[in-house]
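This briefing is meant for someone meeting the structure for the first time. Please look through the sequence and the model before reading the points below.

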Amino acid sequence: MTSLRIHLAPGQALFLEGDPPTTAFLIEVGEIEVSLRQKGRRIVLSRLGEGDLLGEMAVIDDAPRTATATAVNECVLIPIDREQIAERLAKTDPIIRSLMEGQLKRYRGALAAMQGKDHRALDAADTPSEQVGIGKIRLETHLREALNNDDLDVRYQPLLHVASGRIAGYEALVRWTHPERGPISPMEFVALAEETSLIVPIGEYVFDTACRAVQRLARIGAGNELFIAVNVSARQLGHSGLIERIVARVDAAGLPRGSLKVEITESQALDYDSVATLIALCHQHGIKVALDDFGTGYSNLTHLYRLAFDTLKVDQSFTRSMLGDPRSMAIVEAIVRMGKAIGAEIVVEGVETDAMLDVLRRLDCDYAQGYLIGKPQTLDELLAKS
Ligand code: C2E
Ligand code: CA
Ligand code: CA
């Protein structure tokens, strides 16, 4: 039987200072001493034992070994391939990678300084992943500033009630114009905000702003039954009190409970239990819930029956291909039929042409949303038209 393990006798070296990095090791049995030479003297940096990893540093940053590793007694080690580590690193969050690379650089700098070597070479330019990570940290800070300085904005995109031809309500879509980069897609900054709890105050800002918008629209008599749908990310669901705060705002503004709706996006892995709890809570307070971007991302039909949502939004990727492709059309028809069978209202997104709207009429869909009906607009634009 071949063994992947490495056996070392006492005093035997595992690797030497300056060796190329090929492998990291996990100590199964025995002790390893890590040391380096300074002005002809040997300095012991550490003594590692069972369960410790070693040699991973050079493998991570692909630089020569900075120290020598020698067996103190009989040792057994498991080698860990560079590829095994590299594949995992490539999958991690760039912020975590850049934090790690920054630490490694500093550690190497300290070692070099200890040995009296020139450590300036180690202050070389940031690696690509460090640049990505630092870029994200910077953008996140700018986003926090934008939120604090009231520099975010909300646009409202109309939803057409297909049968009556009337505008039934709007979807609130958050906007951010970066001082240097210009407008940044919510696809990018919402995803960034979702990685931390920054999405929570952003979501509250959108709810607050939408609430004031419904109030203004109601005041000018632009429709008493009007609703505004607000997007809620899975990350926001974990924060308790969200729905209670929304309800308190709606009540304080003297609006009907139905004037705000919640859209839950499906792009993240949905935690079905917390979504089911949120839907129940919304219903208790008279707020309707839509399942957004249906059929994309992590759709999982197994759990669909557990979610008592009121509205199903068919993603625009289906709408875009349905006219030219009979298979795609068949899928849209099937989704609409399924939605209706479970008693949900159907919104089809991305309606850009009259031909698409004709299809929705034929399928008896409830609402159409898309550039044909209207682009996302500022509240002032809506008020001017009403
Ligand atoms: P979504 O909820 O699916 O929003 C619809 C997106 O499709 C919007 O992009 C809208 O501008 C775009 N759209 C609408 N009609 C058409 C059309 O006819 N053709 C095409 N090609 N596109 C159309 P937007 O505003 O860039 O938003 C992107 C995503 O960002 C949203 O997708 C939503 O998931 C997220 N998002 C936006 N605002 C918020 C927010 O306040 N909170 C959270 N959590 N997510 C938000
Ligand atoms: Ca949405
Ligand atoms: Ca959508």
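Predicted model: local features only at pLDDT ≥ 70, side-chain atom pairs only at ≥ 80, totals over all residues.

Residues are numbered from 1 along each chain as its sequence is written, chains are lettered from A and ligands numbered from 1 in the order in which they are written, and side-chain values use heavy atoms, with hydrogens and water left out.

**Calcium sites**

- The calcium ion (ligand 2) is coordinated by Glu171 (OE), Asn231 (OD1), Glu263 (OE) and Asp292 (OD), at 2.2 to 2.3 Å; donors here are N, O and S atoms within 2.8 Å of the metal (3.2 Å for Na, K and Ca), and since water is not among the atoms, sites may look incomplete.
- Along the chain, the donors of the calcium ion (ligand 2) follow the spacing E-x59-N-x31-E-x28-D.
- Asn231 in strand E12 (residues 227-232) and Asp292 in strand E14 (residues 288-294) are 61 residues apart, and the pair links distant parts of the chain; helices (H or I, at least four residues) and strands (E, at least two) are DSSP runs, numbered from the N terminus.
- Asn231 is partly exposed, with a relative accessible area of 26%, whereas Asp292 counts as buried at 4% relative accessibility; buried means under 20% relative accessible area, exposed over 50%, and partly exposed in between (1.4 Å probe, protein chains only).
- The calcium ion (ligand 3) is coordinated by Asp292 (OD), Asp293 (OD), Glu349 (OE) and Glu349 (OE), at 2.2 to 2.4 Å, and in sequence its donor residues are spaced D-D-x55-E.
- Asp292 lies in strand E14 and Glu349 in the loop between strand E16 (345-348) and helix H13 (354-363), so this pair ties together parts that are 57 residues apart in sequence.
- Glu349 counts as buried, at 9% relative accessibility.
- Asp292 bridges the calcium ion (ligand 2) and the calcium ion (ligand 3), which lie 3.9 Å apart.

**Helix packing**

- Two packed helices are described by the angle between their axes and the distance between the axes.
- The axes of helix H8 (residues 242-252) and helix H9 (residues 272-284) come within 10 Å and cross at roughly 25°, axes being lines fitted to C-alpha atoms, for helices over the stretch in contact, with angles that run from 0 to 180 degrees between N-to-C directions.
- That angle makes H8 roughly parallel to H9; angles under 35 degrees count as roughly parallel, over 145 as roughly antiparallel, 65 to 115 as roughly perpendicular and the rest as oblique.
- Leu242, Ile243 and Glu244 in H8 meet Leu278, Leu281 and Cys282 in H9, where contact means heavy atoms within 4.5 Å.
- The residues of the contact of H8 with H9 divide into 5 nonpolar, no polar and 1 charged; Ala, Val, Leu, Ile, Met, Phe, Trp, Tyr, Cys and Pro count as nonpolar, Asp, Glu, Lys and Arg as charged, and the others, Gly among them, as polar.
- Helix H4 (residues 128-148) and helix H5 (residues 186-195) pack at an angle of about 95°, with their axes 10 Å apart, which makes H4 roughly perpendicular to H5.
- Lys136, Leu139, Glu140 and Leu143 of H4 make this contact with Glu188, Phe189, Leu192, Ala193 and Glu195 of H5, and the residues of the contact divide into 5 nonpolar, no polar and 4 charged.

**Backbone and single residues**

- Most residues other than glycine have a negative phi.
- Lys39, a residue other than glycine, has a positive phi near 45°; Lys39 is found in the loop between strand E4 (32-38) and strand E5 (41-48) and counts as exposed at 79% relative accessibility.
- Asp62 likewise has a positive phi, of about 55°, although it is not a glycine; Asp62 lies in the loop between helix H1 (56-61) and strand E7 (68-71) and is partly exposed, with a relative accessible area of 48%.
- Gln38 lies in strand E4, counts as buried at 14% relative accessibility, and touches Ile43, Met114 and Gln115, not counting residues up to four places away in sequence.
- Ala90 lies in helix H2 (residues 82-91) and counts as exposed at 57% relative accessibility.
- Ala90 and Ser129 are 39 residues apart in sequence and 9.0 Å apart in space, C-alpha to C-alpha.
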